[in-house]
Amino acid sequence: MSSHVLRPLWVVIIIVILILGARFIIVPPDFGIQERGFMYGYHRKSNEDDWKAFKVKYRTRKYCKDCHPDKYEPIMSSKHRIIQCENCHGPAVDHPEDPPKLVVDKSRSLCIRCHARLRYPGTERAKIKGIDPEEHNTGMECSMCHNPHKPDMEGWQ
Amino acid sequence: MSISRRDFLISTLKIAAASALPLSAFKILSPAEARASVEASTVRWGFIVDTYKCVGCGFCVKACKLENEVPYEAPVTRTWVERYLILKDGRMVADTPLGGRDGFTSLEIQEEVVKPEDVAKAFFVPKLCNQCENPPCVQVCPVGATYQTADGVVLVDRTWCIGCGYCIMACPYGVRFFHPVYKVAEKCTFCYHRINKGMKTACVGACPFGARQIGNLKDPNDPVTKTIMTQRVAVLKDEYGTKPQVYYIGLDENVR
């Protein structure tokens, strides 16, 4: 074959080899078709482990129970037992190592999530005791009068 | 051509044996089918939302954002709660301020104060990724950055996503968004890091009213599976054929 045919052919072959080589280096070895087939499962398998290794922050009340029985017991016998500790106290993460102290949300905006009065017919929300946040002791924190761990009036301060 | 009696009988036997083989013995399996036949997953995550129980407190949205490091002040969220009011005059109003992150605390809805006396029916509808059996968001990904795991959860590979946004457009439920920090597509993972440790998702844990439940649909004894099999449930946008795996109890036709 004459050189004017061979020379561009070599160029093309080298480019193809370079592209394949680059692909071999860039694409992770575990990238490919996984359990869900080509349409839904074409991915890097180890990414599933990346997601599994994500940090858990909300540890649920089981995590609080053993060190804080003095708080756990009263709230579990109150109507607020359905609310997780971390909903108000913030995610525990690795408490008490990190963070050493949790910042409790004592703002009105936390309580009125449920206790702003919305009497919509047919909703569970209508059954929750509520206030009008615009009128009810504005500017004061709810916990100045109400004990969130003893929400019945026996906790009235 | 001559053939001995012995050879003729042997050949006849061979042909008879070969023709007795079923056709399926020669079926060529795709790699996915072959793998599925040896290590089929025994888990398929599914979700139930009970709209009768939701009161619109928004603790699920708060917990999700903090658990999954979704920027708290940014107007993006993996799960959100919508408020629907069907008024006595036939109108429908709906809103989701900040995705319901701070709960629903006002009668004001879409710059209009609606008195409860004017409301015929009302409901709060939590939404999250439906983890579809046929996820359209995965089909459109040009690089293989988003995918479905064997247990049915759709995830995004943040190292591989190029941020083209096709999947955000493809999702009929508007569940995906652009992560403001990582600059890649972002979505609900059913808290994949939690459910694989035997925990519930952050939103399920944070819900005080039991409006959200997660379970294994391949386990017939799972309470979630039992509810789906024995009670009246509906899915969002069934007509799209995406086969969503988030089932709603008490879903109204006005919910889209």
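Because the model is predicted, local features need pLDDT of at least 70 and side-chain atom pairs count only at pLDDT 80 or more, while totals for chains, interfaces and linings use all residues. Residues are numbered from 1 along each chain as its sequence is written, and chains are lettered from A, with ligands numbered from 1, in the order in which they are written.

**A covered helix**

Let's start in chain A. Helices (DSSP runs of H or I, at least four residues) and strands (runs of E, at least two) are numbered from the N terminus. How many of the eight residues of helix 7 (residues 108-115) of chain A are buried? Six are, so this helix is mostly covered. Here, buried means that 20 or more other C-beta atoms lie within 10 Å of the residue's own; exposed means 12 or fewer, partly exposed is in between, and C-beta atoms are placed from the backbone. The buried residues are A:Leu110, A:Cys111, A:Ile112, A:Arg113, A:Cys114 and A:His115. Their cover includes helix 6 (85-89) of chain A and, from the other chain, helix 3 (59-67) of chain B.

**Where the chains touch**

Two residues are in contact if their C-beta atoms, placed from the backbone, lie within 7 Å. On this basis, 40 residues of chain A are in contact with 49 residues of chain B. Several elements of chain B each supply at least two residues to the touching side, among them helix 2 (31-38), helix 3 and strand 4 (119-127). By class, that side of chain B has 26 nonpolar, 15 polar and eight charged residues. Ala, Val, Leu, Ile, Met, Phe, Trp, Tyr, Cys and Pro count as nonpolar, Asp, Glu, Lys and Arg as charged, and the others, Gly among them, as polar.

Most residues other than glycine have a negative phi, and most peptide bonds are trans. Here are some exceptions.

| Site | Feature | Angle |
|---|---|---|
| A:His95 and A:Pro96 | cis peptide bond | omega about 10° |
| A:Asp98 to A:Pro99 | cis peptide bond | omega near 0° |
| B:Glu69 | positive phi | phi near 55° |
| B:Lys183 | positive phi | phi near 60° |

A:Pro96 is in the loop between helix 6 and helix 7 of chain A, and A:Pro99 is in the loop between helix 6 and helix 7 too. In chain B, B:Glu69 lies in the loop between helix 3 and strand 2 (80-87). B:Lys183 is in the loop between strand 7 (177-178) and strand 8 (185-186) of chain B. Is B:Lys183 buried or exposed? B:Lys183 counts as exposed because it has 12 C-beta neighbours inside 10 Å, whereas B:Glu69, with 13, counts as partly exposed.
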